[in-house]
Amino acid sequence: MSASDLPDELWARVLELGAASSALGFRDLCCLAITSRRLHRLSLHSSLWSVLLSRDFPSQSQPSSSSSSSQQQQQVHPKSQYKTKFERHKVRMAEARRRVVFEAEARVLACRRRLAELEESMRAEGDRMKAAAQELDNLERVRRASVALNVWQPQVVRGRQKQLVQQCTVHVDSRLSDLNMELKVCKQQIATSKNIYNKEKQKLSEYEETLERAKYHPLRNSHTGAIAKEPHAKRKKLK
């Protein structure tokens, strides 16, 4: 006996058992419906779609307290109810996915902004350290010139060193101590900023991976090439 020899009652029972055991989903049922006229007719049984409706949307299939609304639901075919609930579910899932993407994008943008601030801070500290090192080098030359004035030197060299000492308007030893401390603080600040920067870079990498996962859609990503080659191709819809 072939499958075509089975009576409609047995086929209907097989389909109901498959739906009740989660072995048969609405996509499988839609695929069966386009294989033959007989299966298309059997796939329209209200009892079959009622099982799928209560299985896939249990929280939404509770009887309404309003008698008028319950009567209207009874008049609508379970397949139409399933299609309506499925479309609403798709919209909710798309909105939830968009919220996840927006949150991931916000984290990525905040992390990039933090990295830009750290880079600007390290540049400012670097400029400050260069200026302090330049001033320290100048004061060291003034200090050496001041010491050299105490020994005999040619008049030309002595005059040059005396002019260099006279142009300095700050207390050399005190300022040298301040500059050495400032250089030390700048180095510590740059080292701390680099440590934070590396951690933020690691966070950014994790956030970008999370964003890629949130944006990933298996059907959309796998069929992008096929859709590009066939712009007039239509997606299957639940009829």
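Residues are numbered from 1 along each chain as its sequence is written, and side-chain values use heavy atoms, with hydrogens and water left out.

The protein chain contains 10 helices and 0 strands. Helices (H or I, at least four residues) and strands (E, at least two) are DSSP runs, numbered from the N terminus. The order of elements from the N terminus is α-α-α-α-α-α-α-α-α-α. Of the 239 residues in the protein chain, 24% are buried. Buried means under 20% relative accessible area, exposed over 50%, and partly exposed in between (1.4 Å probe, protein chains only). The accessible surface of the protein chain is about 17,400 Å², and carbon and sulfur atoms account for 54% of it. Areas were computed by the Shrake-Rupley method with a 1.4 Å probe; for residues, only the protein chains shown count as cover. A contact requires heavy atoms within 4.5 Å. Among contacts between residues at least 6 apart in sequence, 78% join residues at least 24 apart.

The largest nonpolar core has 15 residues. Such a core is a set of buried Ala, Val, Leu, Ile, Met, Phe, Trp, Tyr and Cys residues joined through side-chain atoms within 4.5 Å. Phe26, Leu29, Trp49, Leu52 and Tyr82 have the most contacts inside the largest core. At least two of its residues come from each of H1 (8–20), H2 (26–33), H3 (37–42), H4 (46–56) and H6 (78–148). H4 gives the most, with 4 residues. Beyond its neighbours within four places in sequence, Leu52 contacts Ala19, Leu24, Phe26, Leu29, Phe57 and Tyr82. Another core, of 11 residues, lies apart from the largest one; Cys111, Leu115, Tyr197 and Leu204 are among its members.

The model holds 5 aromatic pairs. Rings of Phe, Tyr and Trp (its six-membered ring) pair if their centres lie within 6.5 Å; planes under 30 degrees apart count as stacked, over 60 as edge-to-face and the rest as tilted. Phe26 and Tyr82 form a tilted pair, with 5.5 Å centre to centre and 45° between the planes. This pair links helix H2, which holds Phe26, to helix H6, which holds Tyr82, across 56 residues. Both Phe26 and Tyr82 are buried. The ring centres of Phe26 and Phe86 are 4.6 Å apart and their planes stand at 55°, so this pair is tilted. Phe26 lies in H2 and Phe86 in H6, so the pair ties together parts 60 residues apart in sequence. Both Phe26 and Phe86 are buried. One aromatic cluster comprises Phe26, Trp49, Phe57, Tyr82 and Phe86.

The charged end of Arg107 sits over the ring of Tyr207, 5.8 Å from its centre. This assignment requires NZ of Lys or CZ of Arg within 6 Å of the ring centre and within 35 degrees of the ring normal.

Ser22 is found in the loop between H1 and H2. Its phi is near 65°, a positive value in a residue other than glycine. Ser22 counts as exposed, at 53% relative accessibility.

The mean pLDDT (the predictor's confidence in each residue, from 0 to 100) of the protein chain is 82, and 82% of its residues reach 70 or more. Among the elements, helix H8 (residues 172–215) has the highest mean pLDDT (92) and helix H10 (residues 224–229) the lowest (47). Over residues 223–228, pLDDT stays under 50, and the model has 1 contact beyond four places in sequence for this stretch. Where pLDDT is low, the predicted coordinates should not be read in detail.

Methods
Predicted model: local features only at pLDDT ≥ 70, side-chain atom pairs only at ≥ 80, totals over all residues.
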